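Please inspect the sequence and structure shown here before reading on.

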Amino acid sequence: MKKKVLSILLTAAMAATLLAGCGGTEEAANAGTEAASDAQTATTQEAASEQGTETAPAEAAGEAVTLKWAIWDQETTAYWSDLKEAYEASHPNVTIEMVDLGSTDYMTVLATELSGTGTDFDLVTIKDVPGYATLVQKGSILALDDYIAADGIDLTQFAGTTDQVTVDGSLYELPFRNDFWVLFYNKDLFDAAGVDYPTNDMTFEEYDALARAVTDTTFGSQVYGAHYHTWRSAVQLFGVLDGEHTILDGEYSFFKPYYEMVLNQEADGVCRKYTDLKTEGLHYSAAFSGGDVAMMNQGSWFISTLITNLASGEYDADLCGNWGIVKYPHAEGVEPGSTLGTITGISITTASDNPDEAWEFVKWVSGEEGAAVMASSGNFPAIMTDEIRDAISGMEGFPTDEASKEALNVSNLYLEVPYAPNVSEINSLLDSYHGSIMTGEMTIDEGIAAMNDGVSQILAQ
């Protein structure tokens, strides 16, 4: 029954929901339609009943509890209400009261809300790691270690992401959503060029050669073998896939081979120029859907964008309808399936009068039950079970080739921005010098030297 319910939810919702990358935080944001909401409402109760069979009798005997939960963009993000309704259905004594703080400067607004003595939030959603660092430093959220130990939560199911947000041995959030980067490609362009499709096991040298092989620089019929959005993640973070480096290192020579690869591709017409993208404001979705980009590295949220917009006719199926995905390319010796990720987490406030009840919600949302609900609105949950992975890859509109299905299997997931007390400053500085390198204002060596100097000063504070 559980598998059947999940399949119904996914099929109905993913065809009608939309994910899009947010340039500021490089996260995904959802837009749910009425059709998705109606389909989810009709099936969520059945899913909740299935998920809550064991817990409902005990919960029904408890006192009524209201948990106040900070979120953003409630009206356009289907999974908030889905999670609330499913949890309340299986925990009838609990009411989840959602408070929408808006997506603009959400973490700043949240930090302000929690700084006052009168705050009554029990649960808060963690949108990004810099904001998480602020709340930990202010003592606004609880360490979850005792709860995790008491309930035997297996943190390995989060693919190593919790290790990257552990603070002095303690964990203050559990992830419930996880977006990771894959390589999208246009099969028609490869077919037209007579070039083999990309695979799930490509070194960067093989990837670069493939991009060049499918490129056509003929004026008026250009085909770009690769495309890189203007975020620094699209270039710099190839360098962290070895598991040995992070953006917190303070020494960034490991960025150099990837800047060289991309800038050489720019010079040879293999990809569009960064300066042109900035000037034109070309979004990555418009670039890929235009039908002249053979490969593009981007987050898993773009899967739903493609499915939804192709189904609605917003994207021309003749230009980009025959698409697939494969795993990220990797450096020599690095395990295939190593990729970048962003997580959305949930925490308990230190001001909560109901921390035990709040923990039950955190545990549920970040566990398999919450994962099934997340997937029902076309999102990638933090826990990717075989059942959820199969349901996503089996949906109408998802590529039918085995390589695309296999691409959903992640071996190592490295956060774009891991925890550090001063991660916001580091992130901002790296962003700035990335732009300087890509525009030619600085050479690669000059830009990396400036990164090394600037971040070293931050780390020394």
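The text below takes up aromatic rings, then cysteines, then one serine.

The model is predicted. Its aromatic pairs number 35. One of them is formed by Phe180 and Phe380: the ring centres are 5.5 Å apart and the planes stand at 90°, an angle over 60 degrees, so the pair is edge-to-face. Phe180 is buried, at 1% relative accessibility. Phe380 is also buried, with a relative accessible area of 1%.

Two lysines are placed over aromatic rings. The charged end of Lys68 sits over the ring of Phe121, and Lys127 lies over the face of Trp72.

| Lysine | Ring | Distance to ring centre |
|---|---|---|
| Lys68 | Phe121 | 5.0 Å |
| Lys127 | Trp72 | 5.1 Å |

Turning to the cysteines, the structure holds zero disulfides. Cys271 has a relative accessible area of 3%, which is under 20%, so this residue is buried. Cys320, at 0% relative accessibility, counts as buried too.

Where does Ser170 lie? Ser170 is part of strand β7, which spans residues 170–171. Is Ser170 buried or exposed? Ser170 has a relative accessible area of 17% and is therefore buried, the cut-off being under 20%. Leaving aside residues up to four places away in sequence, Ser170 touches Ala143, Asp145 and Val165.

How values were computed: Residues numbered from 1 in each chain as written. Predicted model: local features only at pLDDT ≥ 70, side-chain atom pairs only at ≥ 80, totals over all residues. Heavy atoms only, no water. Disulfide = S-S within 2.5 Å. Buried < 20%, exposed > 50% of the residue type's maximum accessible area, 1.4 Å probe, protein only. Helix = DSSP H or I, 4+ residues; strand = E, 2+ residues; numbered from the N terminus. Contact = heavy atoms within 4.5 Å. Phe/Tyr/Trp six-rings, centres within 6.5 Å; stacked < 30°, edge-to-face > 60°. Lys NZ or Arg CZ within 6 Å of the ring centre and 35° of its normal.
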